[in-house]
Structures are given as C-alpha cells and as structure tokens.
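Could you go through a few and set each one against its criterion?

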Amino acid sequence: MKRNILILCIVILISCITTYFSGFVLANNEESRIVFAEKLHLREGPGLSFDIIDTLEKNKRLKVLDRQGDWLYVEVNEKKGWVASWLTQSEQINNVEKYAIAQVNHLNIRLEPSLSAPVLGQLHTGEQVVVLNERNEWVQIQHQQLTGWVSSEFITMNEGTIDELNNTVSEKTESAEVKESNHFTIVVDAVIVRQKPNLKSKKLGIAKKGEQFAILARDHHWIQIDFNGKKGWIYSFYGTFDNSSIEEEKEEQTITIIYNGTNIRKEPTTSSDVIMNVQAGEQFKIIKKEHDWYKIQLSEDATGYVASWVVSTNEQSVKQDKKDNRKKGTLNGVTIVLDPGHGGNDQGTAGLRNTIEKEITLKTAELLKSKLQQAGAEVYLTRESDVYVGLHKRVSLAHQLAADAFISIHYDATEDRTISGFTTYYFHSYQESLAQFVHDGLSDQIKLRDRGVQQGNYLVLRENKQNAILVELGYLSNPSEEKVINTDLFREQATMGIYEGVLQYFDAQLK
C-alpha cells in the first residue's frame with residue numbers, strides 16, 4: 001500500500017514539474033505582436049475601465065504572455081499589462097510577400113469564401129492587409145486578430161513587403177485621369193498627413209473626411225498636398241481625385257442653422273467673442289472647416305465661425321437610392337447614431353459593486369456598433385472614449401447626419417434597491433414605433449423584469465427631430481441585477497436584442 005502511494009506521489013510530482021516547465025517554455029515562445037494604432041494604452045486589467053500603466057506608440061513590439069477574450073497580456077518596456085488585441089497585429093506582417101488594399105468601405109471579411117458564410121468583421125477604404133491564400137474570386141487575409149476571406153473584386157493586390165509599400169507601388173493603376181486631376185478629397189473618417197511619402201515619416205496633422213486639397217506633386221500612389229500652408233503627403237487610396245476647382249466646389253457648400261439664437265463667433269472656440277446671433281433655418285456659405293468649427297461667409301467682407309454641432313450641411317448626401325434598394329434583413333443606407341450615456345466628469349450612476357455607468361454604456365455601444373455595421377448600417381458614436389459630451393451636442397450629431405435612428409444607452413438606479421428591470425423610452429409619437437420594436441427585441445434576449453415602453457421627458461428625445469429612443473438596461477442600484485448586467489454575456493444578449501429590434505423595425509418600413 002505504501003509503495004503504491006509513493007509511486008502515485010512521484011507521478012504527481014513529475015506531472016507538476018512537466019506542467020511547470022511546459023508553461024515556462026510556452027511563455028518564452030509566445031508570439032510577438034506590434035502596435036497597430038497610433039497610440040495604444042497598456043492597462044492594469046483586460047478592459048477599458050482599468051487604469052492606464054503606459055501609452056505605447058505605433059509599431060512598438062509586444063511580447064504576448066496570455067490572453068483573455070479580446071485582450072492580450074503583454075510585456076513591453078520592462079512592464080507587464082493588458083492591451084486591446086484589435087489594436088495590434090502580427091509582427092510577421094512586415095515580411096509578407098503579398099498584401100491587399102481595400103477599395104471600398106465596409107468590405108465584409110467572411111469565415112469561408114462564400115457570400116453565405118458568416119461575417120467576421122469589415123475592412124474600410126485604404127486598409128492594408130496580409131494575403132494568406134487565394135481561391136477563385138476570393139482572397140484569404142489576416143486583419144489584426146482575424147483570418148478570413150474577402151472578395152477579390154473589391155481589393156487591389158500587390159507583391160512585396162509592407163515596408164516596400166511605404167515607398168513603391170505599381171504604377172499601372174495610376175491612370176491618365178488621376179494624373180490630370182488637380183485636387184484630392186478625403187473619403188475616410190481621418191487620415192494622417194506625413195512630411196514624406198512614407199508611412200514611417202513624421203506626422204504633420206490629420207485630414208478629415210470631406211476635406212479637399214490642391215495636389216502639388218505625386219510619388220507613385222502618394223500625393224503631395226497643400227496642408228494648411230505646408231507641403232504634406234497622403235496615400236492616394238484614402239481619397240478621390242477631381243478636375244474641378246476647389247474654390248468653386250467649396251462655394252457650393254452651405255450650412256443651415258438648427259437652433260434659434262445660435263452664436264456666430266470671431267474665432268473657432270466657445271470662449272471667443274460673439275459677432276452675432278442667428279436663427280434656425282438661416283443658411284451660410286462654407287469657407288473651410290477647422291476641426292469642429294465652420295468658417296462661414298456672413299457678408300461680402302465679413303466672416304465668422306459656427307460650431308459644427310449646431311448646424312447641418314448640404315454635404316450630407318441623401319442616401320435615398322441605397323434605402324430604396326435595401327433588402328430585408330440588411331441595414332444598407334441606414335444611418336444610426338449610438339449615444340453611450342454620460343462620460344468624462346459625468347460618471348452617471350454607480351453600483352454597490354463599483355460598476356460605473358459611463359464605462360459600461362461605452363462598452364455596450366461599441367459592441368452594438370459592430371453588429372449594426374455588419375448589417376450594412378453607417379454607425380456613429382456620440383463619444384468614443386471617456387469624455388464629456390453635452391446633451392445638445394449629442395442631439396445635434398443626429399441632426400447633422402440626418403440619422404434614421406438615435407439610440408441612447410443607459411443603466412438605471414433608484415434609492416429602492418429592490419426595483420429591477422429594463423425600460424425603453426420615447427418622447428414624440430413618431431419615436432414610439434422604434435421604441436416598441438427595440439423593446440420587443442430586448443425582451444426576447446434578456447431575462448430581466450420587463451418594465452415596458454414608456455414616454456420619457458429626456459432632452460436627447462425631446463429636442464431630437466430624428467427617430468430617437470433611450471434604453472435603460474437594468475438597475476445598478478439593485479445588487480443582484482448589477483451582478484448580472486456587468487457581464488460580457490449580458491452585454492452580448494442586450495446588444496443582440498437591440499440589433500434584432502432595429503432590424504425588424506427597418507424591415508417593417510419596407511412593407
């Protein structure tokens with residue numbers, strides 16, 4: 001008996017030693033990744049709510065030690081912490097023999113080379129990805145953490161390393177029409193303007209969607225532009241070429257005032273002197289856009305500045321053709337604004353387990369955005385980080401974008417800790433139908449008490465001319481409910497419910 005026990009102990013000891021050294025070897029042979037974003041926060045834990053240890057620059061090398069969901073535990077600069085995996089990419093990407101560049105926005109990455117395969121993610125215009133394989137009219141690519149298939153019809157294929165891409169690209173795609181063009185319009189949300197035609201060159205600034213620049217020179221697929229009086233370079237896949245005059249086109253662009261008593265200021269800041277007040281409906285020609293402000297023509301010899309969040313512009317093209325062609329089960333041509341409640345110095349409510357409302361509303365909105373985009377919707381967030389955004393500015397974004405739906409995301413609280421459940425609010429009668437569809441979608445997915453659809457006098461609903469609703473996804477003041485709603489599973493179920501409700505609502509419009 002003693003002999004058997006001794007043998008068993010030896011086996012257990014060997015097993016433990018093997019496991020230890022096996023784990024040690026794995027830890028030292030883990031993959032390396034590089035920072036894909038311009039800046040990446042190294043955090044104390046796997047989530048946006050954890051404190052920031054360090055801020056890492058683009059192309060910084062990371063040693064991966066562990067994983068948890070979409071987060072990586074890494075070692076860098078003699079520090080250890082967690083980073084978002086979707087903002088990193090494989091270090092091997094710099095040595096690939098083939099790469100592809102997306103030519104359209106929202107290009108679906110699919111699990112298999114088939115239109116019926118599930119969608120894993122999306123590419124946007126100008127994004128560069130590693131090519132792993134080709135099959136008929138499909139290309140297998142690696143995009144950050146994803147490996148999937150995209151249609152070859154919507155990409156440009158090139159051979160060489162990513163470093164070579166910085167300096168050299170095939171000249172055959174540079175047509176005579178492009179060479180004759182005299183200005184360039186940005187078509188992506190934002191793009192870096194660099195000092196030289198190289199992705200590693202010094203950054204001069206950021207050019208934003210819709211901005212136009214005179215073309216000074218070309219170097220293969222790089223174009224030199226006049227960027228605020230400086231010569232800068234932009235990669236040509238981030239925009240379009242045109243032969244018309246920039247000034248002529250800008251004269252045709254106008255803004256329309258949304259609110260009565262809107263201030264026109266001397267400089268593009270809220271602390272600047274007010275030149276005059278204007279009323280809703282008045283229109284002015286745009287001279288140029290400076291960050292969140294428009295410089296406008298007030299008279300023949302007078303100009304001023306107005307905040308972009310209190311106006312609408314004629315740049316916002318009507319997407320009626322896309323909406324008319326929309327098929328059931330898609331959101332093509334639909335514009336949706338998601339409003340993660342609170343932010344910055346406004347933390348919202350807090351639970352007994354220290355769940356902060358402003359943090360989980362943002363997590364919920366980001367998850368919902370991904371689902372809606374995969375269905376074809378154009379989705380915008382009123383805030384994308386922990387910043388304070390005024391309620392009027394949130395509403396103005398919906399007006400500016402002529403949003404088809406505005407969804408404000410919140411979590412509830414009250415002094416009575418026994419109260420529980422989820423509620424969907426609307427204010428105007430034209431908002432009630434969307435509220436009911438979304439609420440029905442939620443009730444099919446989450447197990448909380450159903451408090452129904454109610455009319456709520458909230459500013460983001462009351463002042464909103466668009467189809468707007470506000471959802472309260474449970475009570476943080478209820479300890480047992482707080483435990484449920486602060487989980488990845490609940491956020492997945494809740495966002496799936498809202499997504500299905502939105503889809504059902506817009507499908508009903510087709511009838």
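The questions and answers below concern a predicted model.

Q: Why are α6 and α11 called oblique to each other?
A: Helix α6 (residues 357–374) and helix α11 (residues 488–510) pack at an angle of about 50°, with their axes 9 Å apart. Angles under 35 degrees would count as roughly parallel and those from 65 to 115 as roughly perpendicular, and the pair is therefore described as oblique. The crossing of α6 past α11 is right-handed.

Q: What makes the contact between α6 and α11, and how do its residues divide into nonpolar, polar and charged?
A: With heavy atoms within 4.5 Å as the criterion for contact, α6 contributes I360, K363, T364, L367, L368, K371 and L372, while α11 contributes R491, E492, T495, M496, I498, Y499 and V502. Of the residues in this contact, eight are nonpolar, two polar and four charged.

Q: Why do β30 and β33 count as edge strands of their sheet?
A: The sheet is open and mixed in its pairing, with six strands in the order β30-β29-β31-β34-β32-β33. β30 (378–381) and β33 (450–455) each have a single partner strand, so one side of each has no neighbour in the sheet. From one strand to the next, the twist averages 20°.

Q: How do you know that β31 and β34 are paired?
A: Pairing requires at least two bridges between the strands, and six bridges join β31 (residues 405–412) to β34 (residues 468–475), the two running parallel. Helix α6 lies across β29 (335–340), β30, β31 and β34, and runs at about 145° to β31. Helix α8 (residues 432–445) also packs on the sheet, where it touches β31, β32 (422–426), β33 and β34, and its direction makes about 165° with that of β32.

Q: What joins β25 to β26, and in which sense do they pair?
A: β25 and β26 (residues 293–299) pair in the antiparallel sense over five bridges, with K289 standing opposite Y294 in β26. The two strands form a hairpin with two residues between them, and H291 in the turn has a positive phi of about 55°.

Terms used: Residues are numbered from 1 along each chain as its sequence is written. This is a predicted model: local features need pLDDT of at least 70, side-chain atom pairs count only at pLDDT 80 or more; totals for chains, interfaces and linings use all residues. Side-chain values use heavy atoms; hydrogens and water are left out. Axes are lines fitted to C-alpha atoms, for helices over the stretch in contact, and angles run from 0 to 180 degrees between N-to-C directions. Helices (H or I, at least four residues) and strands (E, at least two) are DSSP runs, numbered from the N terminus. Angles under 35 degrees count as roughly parallel, over 145 as roughly antiparallel, 65 to 115 as roughly perpendicular and the rest as oblique. A crossing is left-handed if the near helix is turned anticlockwise from the far one by less than a right angle, and right-handed if clockwise. Ala, Val, Leu, Ile, Met, Phe, Trp, Tyr, Cys and Pro count as nonpolar, Asp, Glu, Lys and Arg as charged, and the others, Gly among them, as polar.
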